[in-house]
Structures are given as C-alpha cells and as structure tokens.
Amino acid sequence: MKQSSIPIHTRKEAPTDEQSKNARLLLRNGFLNKHASGVYEFLPLGLRSLNKIINIIREEMNMLGAQEVLLSALQNPEIWKKTSRWSGDTDEVWFKTSLNSPQVASEDTRKKEKKTGGSELGLGFTHEEPITSLMATHISSYQHLPCSLYQFQTKFRNEARAKSGIMRTREFIMKDLYSFAKNKEEHNVFYEKVASAYMRIFERIGFKDRVYRTYASGGLFSEFSDEFQVVCDAGEDVIYISDKKNIALNKEVYTDAVIKKLGIDVSDLREAKATEVGNIFTLGTRFSEALECFYTNEQGERVPVFMGSYGIGPARILGTLIELYASDSNMCFPESVSPYTVHIIELEGGKEVAQSLYELLINQKVDVLYDDRSVRAGEKFADADIIGIPHRMIVSTKSINEGGIEYTDRITEETQNLSPQDAVAKAREVIQYVK
Ligand code: ATP
Ligand code: MG
C-alpha cells in the first residue's frame, strides 16, 4: 500500500483527555479514532492489525473443529428472562433499546407490540442465551454431540470504568466459542483442547513467556474458571505466579485453602499485574436447563446438554501489545500482527529504486507499506516509529551508494545494506517465518 493513498494521517499529540498509553499511541499513529468515551473506531492500519489477530484466533478455532456463526447483536428479552439475566444483577451492563421510539411508532404498531410482548430489545453483552436457544432447536440426540460454535461478534457493555483505552470499551468485538457436550467428562476433554489452543494463539500473537493460564473463580459446575493473563503493568488484575509450576492464580481465589489444594508453596509465588486477554468457563447445565436445550441419551432419557463458553478480546490484545512494546515515540509489533510486514521509506534520490522494490515485494505477496509521500525525512521516521512495522527498508541516495537498500530488523535492531534482490530474499524469509 502506498502511504500517500491512505486518507488517514498521524497526529503529533494525543488528545489531552486520553490517559491510557495504548489509546494515546493508537490515536496518534492513525490506527483508531475516538468516537465517544469508551467507543473507538478502527481505521485502515488498526483494522489490519485487528484482523491479523482475528485470523490467528480463527485458524485455531477451526483446528478445534468449531464452526463459525454470526449471531445478532440485538437481543430478544424473552430468552434472557428465562435465565434471569434480562434485569437485576445485569442492569448495570445492558444497553437496552426499543423497536420504535414511542414518538414515531404509530398507534397501531404500539398496540401490536403490546400484544406480542413489548417493544424492548437489548444489545447483547454476551451470547450464552441466544446460542443455547438456537441449539435447543438443533440438538435432540446424543448423536448430535459433542459440537461447538464460535463467532467474532460485537458486544455492548455499559462498562463503568472505561479508562483502559481499547482494553475496556463499551462496544467491542469478542471471539466467543460455546461447546455442547453429553456430560462433564466429554466437556472436560474439549475444555482442555481449548486451553491448549488459547496458549498457541497467545504465543503466536507475541505473548510468549508472558501469558499464564490462571485459576480464577468458577461457577456452579466447576470450582475454577481459567483466565489467560498477560503480565503487564497496565493490567487491571493482580495474579500470583508460580514459575516452578508454571501456573498462576487470580487474587480473587488467592486463599490459603486454594494454595494448599494446588500444592503450591507460598514462597514460590510472585505477585504481578496482568491483563485478562481470554477466559474459559464451564457453564454446566445452567443455560441448557433454563432454555430447554436437552438431548436423548443412549438409554432413551432426556437430559440437559453440558456446556462451556470461551472468550477472547482481539482489541484488548492489540492494546496489551502496545502497553508492552511501545514507548511514547516508538512501537515495534510482533510480525504476526503488524499491519504490514515491511515498511519502505523513500528518501531523497531513492524514488526509482524504492518504486521497483515495492513492486518486487508486492509480486512476492509481502505485506508492504511504502512511504512515497513528499514530506521531510524526519516526519517519515517519526511516523514509521509509531506505526510499528518491524522490518524497515530505507532507500536514499546514500543507501544506493552503499549497496541499494538500508534494511533494519527493528526487533533485533540490526542494520545492513542490501541489494534490491537480497532485500526481496530477506522479506521472503521473514514471511516464511511468520507463517
Ligand atoms: P473483565 O474481567 O476484564 O471485565 P470479563 O471477565 O467480563 O472481562 P468475558 O466476558 O469473559 O470478560 O469476555 C471475554 C474476553 O473479552 C475477555 O477475556 C477480554 O479479553 C474481552 N473483553 C471483556 N470485556 C471487554 C471490554 N469491555 N472491552 C474489550 N474487551 C473486553
Ligand atoms: Mg474477567
């Protein structure tokens, strides 16, 4: 992509009302726009990174044999009343709306809506109810189980504390996976497979050696849930890590009894701030009983399906990457999630070589951003530093005199002069490695 053709520009200053490091940088480097408090829009570069994160997650979900769906954001109150989550404890989180505002609805419409149960709708903050209600009409026999469905779908949550930039917003895409099993044993097998898939996802995204499967509070059907916590100073959670056992526990379950049960020596635990990038949960039969998702087992008995739910927040992951790897004037993305793999920076005297390098790289299917703008070198570097592409190729009179292209691997910070052919070979090596 030629940088001159992206109609979004970097900003010198972040808005003064933005406190979190991730949002400040993502607003400056043109990844995001802030629409309202806790509400952000993804712009071309930001969306490319988000989609790379999403695609890594999607690949791993597909490998589990889960099928992708897309359920609606608008929610029918009737099914939520069955689990007592339409109102009460959930009042704080719901955004609710109505079919027609009373001002514009005709007398007729209002009468009809009254008959069919009212005109209220909710904007889903999670999807256990609709997915269970859907599957209640598809699962009837043990032969239909186990199965699993997932989606990338927009959730709405009236978050009270929207202070962590894109790590906690009021509208966000969640990957939510739901599993349906005959019983707890069958559920546990899938649950562990998801836990392994989550570790692979977070390692591929760039959290290797920083992500911990973490014991957290469970529910009716399991003593614990599992959170995937990335150690990060900007995180809202506190966890205790045992490096010896390679496990962690959330502060919320940090009690003498739990520590004893897990066989951990307290002196082996270190405290860390962390951010929850994923969460997996045994739901048991809570939702299947309430929404009548039953199946007939081999003995001919009608029993409730045993369920699990598994979430990941792609935007929170992007925010966490910034928190971990950026300073105010510099960012370097892991290759797997960078908006582009290579950034060509054309400086004075470099146009011809830069242009042909760009074409060679495009032909090799390398994701390349080409700064062909006629702006000062200093501005190009400052922008490139915050956009965060890990492989940089500078083309200038100087670089041409010294061999052709000044290539910098921003991850190892090594610089070398390469001929255009060697630069292409280098880029090919990089994409091979990313795959
Ligand atoms: P938290 O404890 O941080 O409030 P949660 O436990 O309510 O999150 P889940 O409902 O399990 O979160 O959601 C699954 C994933 O979605 C989380 O692990 C997180 O990555 C992401 N997520 C949750 N809430 C938000 C939010 N408000 N903004 C962005 N991502 C979110
Ligand atoms: Mg949580």
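Biologist: What do S9 and S10 form, and how many residues lie between them?

Modeller: This is a predicted model, so that caveat goes with every answer. S9 and S10 form a hairpin, and 6 residues lie between the two strands.

Biologist: What makes S9 (residues 211-217) and S10 (residues 224-231) a pair?

Modeller: The cut-off is at least two bridges between two strands. S9 and S10 are joined by 7 bridges and run antiparallel. They therefore count as paired. One example: Val-211 has Val-230 in S10 as its bridge partner.

Biologist: In which sense do S9 and S12 pair, and over how many bridges?

Modeller: S9 and S12 (residues 247-250) pair in the parallel sense, over 2 bridges. The definition asks for at least two, so this pair qualifies. Within it, Tyr-215 stands opposite Leu-249 of S12.

Biologist: What is the order of the strands in the open sheet that contains S4, S5 and S6?

Modeller: The order is S4-S6-S5, with antiparallel pairing.

Biologist: Why are S4 (74-75) and S5 (95-98) called edge strands?

Modeller: S4 and S5 each pair on one side only. S5 is joined to S6 (residues 120-123) by 4 bridges, again antiparallel. Lys-96 has Gly-122 in S6 as its bridge partner.

Biologist: Now a helix. How does the reach of H10 (residues 351-363) compare with what is expected?

Modeller: H10 has 13 residues and reaches 18 Å from its first C-alpha to its last. At 1.5 Å a residue, 18 Å is expected, and the reach is close to that.

Biologist: Which residues of H10 are buried?

Modeller: Ala-354, Leu-357, Tyr-358 and Leu-361 are buried.

Biologist: Which exposed residues does the face turned away from the buried side of H10 carry?

Modeller: Glu-352 and Asn-363. Exposed means over 50% relative accessible area. After H10 comes Lys-365, whose phi is positive, near 60°.

Biologist: Why is Ile-139 called buried?

Modeller: Buried means under 20% relative accessible area. Ile-139 is at 3%, so it counts as buried. Ile-139 lies in the loop between H5 (128-136) and S7 (147-156). Its C-alpha is 7.1 Å from that of Cys-293, although 154 residues separate Ile-139 and Cys-293 in sequence.

Biologist: Turn to ligand 1. How many residues surround it, and which are the closest?

Modeller: The count is 15, and the closest are Arg-157, Glu-159, Arg-168, Glu-276 and Arg-316.

Biologist: How much of ligand 1's accessible area does the protein cover?

Modeller: On its own, ligand 1 has 590 Å² of accessible area, and the protein covers 82% of that. S8 (171-181), S13 (269-284) and S16 (306-312) are the elements that give two or more residues to the shell. The largest share, 4 residues, comes from S13.

Notes
Residues are numbered from 1 along each chain as its sequence is written. Chains are lettered from A and ligands numbered from 1 in the order in which they are written. This is a predicted model: local features need pLDDT of at least 70, side-chain atom pairs count only at pLDDT 80 or more; totals for chains, interfaces and linings use all residues. Side-chain values use heavy atoms; hydrogens and water are left out. The expected span of a helix is 1.5 Å times one less than its number of residues. Buried means under 20% relative accessible area, exposed over 50%, partly exposed in between (1.4 Å probe, protein chains only). A residue is near a molecule or strand if one of its heavy atoms lies within 4 Å of it. Accessible areas come from the Shrake-Rupley method with a 1.4 Å probe; for residues, only the protein chains shown count as cover.
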